[in-house]
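Colleague: I'd like to go through this model with you, feature by feature. Could you give me the general idea each time, then the case at hand?

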Amino acid sequence: MSLMNTLLQAAVDNSAAAYSKMGAAIGAGLAAIGAGLGIGKIGGSAMESIARQPESLGDIRANMIVAAALVEGAVFFAIVVCLLILFL
Amino acid sequence: MMGQSKKMPDFITLFTMSSVKKTFVTFVFSAFLIVKIFANHAVSEVEMASGHPESTHETSHSHDKTDKYDPGKMIMDHVTDAHDWHLWGEGHKAVSISLPVILYVKSKGLICFSSVHFQHGHAAYEGFQLNDKGTVVWEDQKNTEAIYDISITKNVLAMMLAVFALMIITIGMARSYKKRQGKAPKGFHNLVEPLVLFIRDDVARASIGHKADKYLPMLLSIFFFIFVNNIFGLIPIFPGGANVTGNIAVTMVLAVIVFLTVNLQANKYYWKHIFLPDVPVWMYVIIIPIEVLGVVLKPFVLMLRLFANITAGHIIILGFFSLIFIFGAMKPGLGFAVSPLSVAFTVFMSLLELLVAFLQAFVFTLLTAIYIGSAIEEHHH
């Protein structure tokens, strides 16, 4: 906890807008966690279903890619909000 | 096939000129381009040396002699649009192609000039100057008249080059297929044919059904436009290297096209599903706002997905390159030491970006096909 206080103190000493930058950085990290969890789950269930039925490899692969791209779309929405905080 | 001598590749037979004339035209065009680049360079040098003869007192003096490397600025310069295409060199010795600035102001009409007069933002010209974001603004801060900027910027030129390359490929392919009825494609077209068939069979016909062929030109155009512009954005030197699909205006236009197509082609069952869905009446309060929002939100998310994926990839690659210069600024030897690592990371990221380039084009096209399919779907009960 004291480490967090030190970091915040250092951030605020440099400029008052540092809080928002720190918030943006934490938000981007959380978005990455969300992406990892989501796509990990998709990949995991794809692996299991390929193991159950190897001849449906092509169909499963295509659907896995599509689902991963859709989940990433939501994640990139969060990333764009963080970028807006940093640069606007 | 075996006895044929090595001919011109098919996609150049688009031009009915002889090969001698073609070489001549290419030579003249390249000479013009090279002379223009160095002429701009010389003009900038002369104007710099003689103390900004065309500028007034309102020039921005952000050009200090500090050698501190600014990775943020370098990344932003590479990812955003600009009025000149910077090729190589730093500061005074920068070599760039100055693109035309075309402005429309109601009181003055159409104004065109070369962006070399802006001298990378250090000078004003005819009452206009570049602010630090690179936008054209009035030199006199109190003037609030609207400036409509329809210049040929870096992204516009890059889009034109990509479209030109695409036209050579596709028109050449169409002619070659007509000439070689029933035979297999030759050369480069072997690369493009699987992509076209993939979009036709696994994307269009799978999602839209039997009316897919009507929408195939649009889906193929979207796919190849996004794919070629993504690939060109990964090439580090001249015709490539402009972040076209990472420009939110470009992706917004693509999303608007999808929005218009889906909603103008929709049949009444589509609108029925939105405004009078098949749910108990008390749920209308929840479902209808969500559905109406969805009509606008789906193309919006398409736009955002493409923009963020491509821009994020470019920023990551540029960030890895910046590592070399950041370490080099601390100690000269460190820069050299970190460069193998940096190059390795960049190569890995570039391979990933190749995958992303294809994947994002595919996902955009697939979702467009799915939305069109849901719009023209017949009633099943």
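Modeller: Happy to. Let's start with one residue: A:Arg61 sits in helix 3 of chain A. Helices (H or I, at least four residues) and strands (E, at least two) are DSSP runs, numbered from the N terminus.

Colleague: How should I read the numbering and the confidence here?

Modeller: Residues count from 1 along each chain as its sequence is written, and chains are lettered from A and ligands numbered from 1 in the order in which they are written. The model is predicted, so local features need pLDDT of at least 70 and side-chain atom pairs count only at pLDDT 80 or more, while totals for chains, interfaces and linings use all residues.

Colleague: Is A:Arg61 buried or exposed?

Modeller: The idea is to count neighbours: a residue is buried if 20 or more other C-beta atoms lie within 10 Å of its own, exposed if 12 or fewer, and partly exposed in between, with C-beta atoms placed from the backbone. A:Arg61 is exposed because it has 12 other C-beta atoms within 10 Å. As for distance, its C-alpha is separated by 42 Å from that of A:Tyr19, 42 residues apart along the chain.

Colleague: And how many residues do the two chains bring into contact with each other?

Modeller: A contact means that two C-beta atoms, placed from the backbone, lie within 7 Å. On that basis, 8 residues of chain A are in contact with 9 residues of chain B. The chain A side has 7 nonpolar, 1 polar and no charged residues. For the classes, Ala, Val, Leu, Ile, Met, Phe, Trp, Tyr, Cys and Pro count as nonpolar, Asp, Glu, Lys and Arg as charged, and the others, Gly among them, as polar.

Colleague: Let's move to chain B. What does the overall tally look like?

Modeller: Chain B has 9 helices and 7 strands, and 25% of its 381 residues count as buried. Among its contacts with a separation of 6 or more, 68% come from residues 24 or more positions apart.

Colleague: Which residues touch the most other members of the largest nonpolar core?

Modeller: A nonpolar core is a set of buried Ala, Val, Leu, Ile, Met, Phe, Trp, Tyr and Cys residues joined through C-beta atoms within 7 Å. The largest has 46 residues, and B:Phe223, B:Ile226 and B:Phe364 touch the most other members. Elements giving two or more residues to this core include helix 3 (57–87) of chain A and helix 8 (284–330) of chain B. Helix 9 of chain B gives the most, with 11 residues. Leaving out residues up to four places away in sequence, B:Phe223 touches B:Ile199, B:Ala361 and B:Thr365.

Colleague: How do I see which face of a helix is covered, say in helix 6 of chain B?

Modeller: Look down the axis and take the arc of the directions from the helix axis to the C-beta atoms. In helix 6 of chain B, B:Val250, B:Thr251, B:Leu254, B:Ala255, B:Val258 and B:Val262 are buried. Those buried residues fall within an arc of 135 degrees, so they line one face of the helix. They pack against helix 3, helix 5, helix 8 and helix 9 of chain B. On the other side, B:Ala249, B:Val253, B:Leu260 and B:Leu264 are exposed.

Colleague: Now the strands. In what order do the 3 strands of the open sheet run?

Modeller: Two strands pair if DSSP finds at least two bridges between them. In chain B the order is 4-3-7, with antiparallel pairing. Strand 4 and strand 7 of chain B are at the edges, each with a single partner strand, so one side of each is left without a neighbour in the sheet.

Colleague: And what holds for each pair?

Modeller: Strand 3 (residues 100–105) and strand 4 of chain B share 6 bridges, and a hairpin joins them through 3 residues. B:Tyr104 has B:Leu110 as its bridge partner, and B:Pro100 stands opposite B:Ser114. Strand 3 and strand 7 (residues 148–149) of chain B pair over 2 bridges, with B:Leu103 opposite B:Asp149.
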